[in-house]
Amino acid sequence: MLLKPQKIVFSFALICCIALRIYLKLFSINPATGFYEGNLTAASIFNWVLIIGCIGLLLMGWLSSKKMAVPIFRSNPGMRVFSVLTGIFALVFAGSTLLEQVDGLLNLTYGSNIVSSLVLSAVGIFCLIVAPIVSGILFIVIGLKGCNGNQYHGALLLFPVLWQTALLLTTFMRYTLMRSASDQLLMIVTLLFIVPFLMANGRILSDLNPEKGMRQLSMFGLSFALASVPHSIGILSAAFANKTVEIGPSLYAAGFYLCMGIYAMMMVFSLKKQ
């Protein structure tokens, strides 16, 4: 596996993206609209570093998965700590949006077909209310019990995948007119990467084709972390400076994706060559 080159590229891109994202959130993004203002040089540099970094990490992960032996996975204390934190923030995130999700589901219109309305409402309740709660509890248990020698049911590990897939779809539809705004665009990129990462996480922890899971992890783990960590730190830094964007992810969402991104990074760093 090309683990060392991936770590070098990831570390360099992560430091650059975090510094640029904090600068952009504090000085270049209008909190009222979420769009860039003034000189766009820093925004262009951030976008190019993020794009090239993610593509480079995906390419190195793909090449290594085709040519090299499957690595060995061993969980580490840092991964367990951030698994617990991820679970806690998942529950807080789910609780903070519970009323919003219920109200949104009740106000959806599906036409005259009552059966389809009930089915879609049930799917929405399951994916956006039940799945986040189960996911939060699951990550806390994973962090407390650890991964080495413990297997988790594959069906349970699908709950985070369902939750984030549903969030991806609802986020894209809800902010169709605003998806070019900085935070919304980064949120969609983060969600695009977290879904395959969670699928890899599920394969490994459930011991269902863990070899394929580790190959997927080497491709998507660091790419997801590179998108989510700067995005979340930017939101948190703007909040501390009282420059929170009115339309965008909440602080609870930022905390969740920050912890999940670090968890993904720790998970990839735990891979060792055979």
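Let's start with a helix pair. Helix H7, residues 182-206, packs against helix H9, residues 251-269, at an angle of about 50 degrees. Their axes are 11 Å apart. That angle makes H7 oblique to H9. The crossing of the two, H7 and H9, is left-handed. Keep in mind that this is a predicted model.

Who meets whom? On the H7 side, the contact residues are Met-187, Thr-190, Leu-191, Ile-194, Phe-197, Leu-198, Asn-201, Ile-204 and Leu-205. On the H9 side, they are Tyr-257, Met-260, Tyr-263, Ala-264 and Met-267. What is the make-up by class of the contact of H7 with H9? Twelve residues are nonpolar, two are polar, and none is charged.

Next, Gln-6. This residue sits in helix H1, residues 3-27. Is Gln-6 buried or exposed? Its relative accessibility is 1%, so Gln-6 counts as buried; the cut-off is under 20%. Leaving out residues up to four places away in sequence, Gln-6 touches Leu-57, Met-60, Gly-61, Ser-218 and Leu-222.

Last stop, Cys-127. We find Cys-127 in helix H5, which covers residues 114-145. Cys-127 has a relative accessible area of 13%, so this residue is buried too. With residues up to four places away in sequence set aside, Cys-127 touches Pro-132, Leu-162, Trp-163 and Ala-166. Now take Pro-160. How far apart are Cys-127 and Pro-160 in sequence and in space? In sequence, 33 residues separate them. In space, the distance is 9.0 Å, C-alpha to C-alpha.

Conventions
Residues are numbered from 1 along each chain as its sequence is written. This is a predicted model: local features need pLDDT of at least 70, side-chain atom pairs count only at pLDDT 80 or more; totals for chains, interfaces and linings use all residues. Side-chain values use heavy atoms; hydrogens and water are left out. Helices (H or I, at least four residues) and strands (E, at least two) are DSSP runs, numbered from the N terminus. Buried means under 20% relative accessible area, exposed over 50%, partly exposed in between (1.4 Å probe, protein chains only). Contact means heavy atoms within 4.5 Å. Axes are lines fitted to C-alpha atoms, for helices over the stretch in contact, and angles run from 0 to 180 degrees between N-to-C directions. Angles under 35 degrees count as roughly parallel, over 145 as roughly antiparallel, 65 to 115 as roughly perpendicular and the rest as oblique. A crossing is left-handed if the near helix is turned anticlockwise from the far one by less than a right angle, and right-handed if clockwise. Ala, Val, Leu, Ile, Met, Phe, Trp, Tyr, Cys and Pro count as nonpolar, Asp, Glu, Lys and Arg as charged, and the others, Gly among them, as polar.
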